[in-house]
Amino acid sequence: MKHLLVYYTSLWILCILSGVKSSMEEDGELEGDISLDDDTSMTLMKSDLEGWEYPLPKASDPPDTISNDPFPFVAIDPDILRINKQHMHDYDRGLQHALWFLKKKADRYVTNHTVFSVVNKTIAVPGGNDKHDYMSLARYFWPNTSQPNGMPYIRQDGKTNPEINKVPDYTMFRELVQHVHFLSLGYHYFDNETYAERATQRVYEWFVDPNFRMNPHLQFASLIRGYKTGRAKGVIDFHVVHELLDSISIIQYSDIWQERNKKQRINAHLRYWFAQYMIWLTQSPNGIHEMESHNNHGTFYDVQRTSIYLFLNKTELARQVIANASVTRIAPQVLISGEQYMETTRADSWFYCIFNLQAYFTLGRIGERIPNALNLFEYETMDHKSIQLALDFLLPYAFNETMWPFHNMAGFDATALFVQVLEEAYIAYKNDTYLASANHLANLHNRPYNITRLTMPWGDLGDHSDKAQEGFLIQKSEAAATSSLDPSSNNNIQLIYCYPFLLLLSSWIMMI
């Protein structure tokens, strides 16, 4: 009894007092000043300076022939969401931490009324193009003092130009994805239509509203000022788009989305927008050049293609990308030792190895959603190169960072991202070492609030102990007794904050 009392007292105190070191850690963002679009080579080719011109699509209303039907999920299994919700009242520390964190973030995001839009930038797109064109600036490029107007900009390696903040399109898109992600999960788990309403408006503003919507291309992404176009490597700005697509697939079943969809045909607008974007992504010179990249840029390009193809019900095209990824991504990127040699040459090698591994696992999860698709988790070349081999190569260094033999300016903060990869590896390979390593590293790097737990299988990660199930049965009964409450009022959600206290109180009563 005493050990239970100590445990639940600690858990209660943790829920009340636990803070988050920084907003970046809290939101799961560890990239910081690490640039996703710039290499560290001082020998710059044409593609490192500018891309190629191409006819640019404009956002417009969809023809009446475009379907307004619901979208499928792309990387999340909706059955997993339903089962996890059934267990949301378990006395499961990991699950309760995730729900507490979700509630905290969703409550913050639902009151944020900033309009996320590409029209907010204060630097014009080259050539007097539409302000609705997405643009981001290359991080390490500065005015050329030898030129009267300072253009074209030149590279100063490792020195970030604060001018990038005048073009916040990249930040705005990341904020959009993150807000909608938390709000959609908040809607699902807490039945809160207010969350869904805010998420719906976010999506509407970015893709549908004529005043704010983005044109469906990334032609000016990772632009160096003084050049006419952005660079192919700027395509990676959209590497998190699969998270947004799954969030849309969740909130589309909310009352507010369905009501607005009937009037405003939101699904048709999104279907038309992403169809146009895919034409640009797969046919423009910038898009094709990015497809031919042999590092994380190429892998995340495939993540974009498969997720959007699946979102648009182009299942066969998505299946082809998954099949090709085995020979175009895994085989050429991984050495027989497991080293991802295109990433270990980077100045921030540890981050990029984990980053590319994240792309592999995302592709693997998307592939599991496609009937008869190649299982990338099981794929192995003739010389035994595989996703698991790349994972196993990194694992020892996560516990002994000083042994990492490659140049690594950014340190090892990215190990916190490795935790999620290890959890996914446990689900894919059923190797207990991966889960034990994930738990140890999560504690070591102070990452108790793992929001991804809410989208992972309860059967693999849930607490199956009798005590956890006892909580499930008790709270299930209480939920039935309070079912007359308005679900949007969040009264039932306060139980999440009270679980540790209730358990502590019950333990005292039993002792008396």
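## Overall make-up

Of the 512 residues of the protein chain, what percentage count as buried? The share that counts as buried is 56%, where buried means under 20% relative accessible area, exposed means over 50%, and partly exposed lies in between, with a 1.4 Å probe and protein chains only. This is a predicted model, in which local features need pLDDT of at least 70 and side-chain atom pairs count only at pLDDT 80 or more, while totals for chains, interfaces and linings use all residues. Residues are numbered from 1 along each chain as its sequence is written, and side-chain values use heavy atoms, with hydrogens and water left out.

The secondary structure of the chain comes to 21 helices and four strands; these are DSSP runs numbered from the N terminus, helices being H or I with at least four residues and strands being E with at least two. Among contacts (heavy atoms within 4.5 Å) between residues at least 6 apart in sequence, 79% join residues at least 24 apart.

## Nonpolar cores

In soluble globular proteins, nonpolar side chains tend to be buried together. A nonpolar core is here a set of buried Ala, Val, Leu, Ile, Met, Phe, Trp, Tyr and Cys residues joined through side-chain atoms within 4.5 Å. The largest such core holds 124 residues, of which Trp 206, Phe 207, Phe 274, Leu 357 and Phe 418 touch the most other members. Helix α15, residues 349–368, gives the most to this core, with twelve residues. Apart from it lies another core, of eight residues, among them Ile 123, Val 167, Phe 220 and Leu 223.

Leaving aside neighbours within four places in sequence, Trp 206 is in contact with residues including Phe 116, Tyr 134, Asp 169, Phe 173, Phe 212 and Arg 213.

Helix α10 covers the 18 residues 266–283, and its end C-alpha atoms are 26 Å apart, which agrees with the 26 Å it should span at 1.5 Å a residue; the expected span is 1.5 Å times one less than the number of residues. Because 13 of its 18 residues are buried, α10 is largely enclosed by the rest of the structure.

Thr 306 is found in helix α12, residues 296–311, and it counts as buried, at 0% relative accessibility. Not counting residues up to four places away in sequence, Thr 306 touches Ala 318, Val 321, Ile 322, Leu 363 and Ile 366.

## Backbone details in loops

The peptide bond from Met 151 to Pro 152 is cis, with omega near -5°, and Pro 152 is found in the loop between β2 (141–142) and β3 (154–155).

Arg 265, in the loop between α9 (255–264) and α10, has a phi near 50°, a positive value in a residue other than glycine, and is partly exposed, with a relative accessible area of 23%. Asn 313, in the loop between α12 and α13 (315–333), has a positive phi near 65° and is partly exposed at 48%.

## Cavities

A search of the whole structure finds three cavities of 30 Å³ or more. On a 1 Å grid over the protein atoms alone, a cavity is a set of points where a 1.4 Å probe fits but cannot get out, and lining residues have an atom within 4 Å of a point. The largest cavity has a volume of about 50 Å³, and its lining includes Leu 137, Phe 141, Tyr 153, Glu 163 and Arg 225.

Notes
1 Å grid on protein atoms, 1.4 Å probe; cavity = no way out; pocket = protein on both sides within 12 Å on 5 of 7 lines; lining within 4 Å. Points joined across faces, edges and corners; volume = space filled by probe spheres on them.
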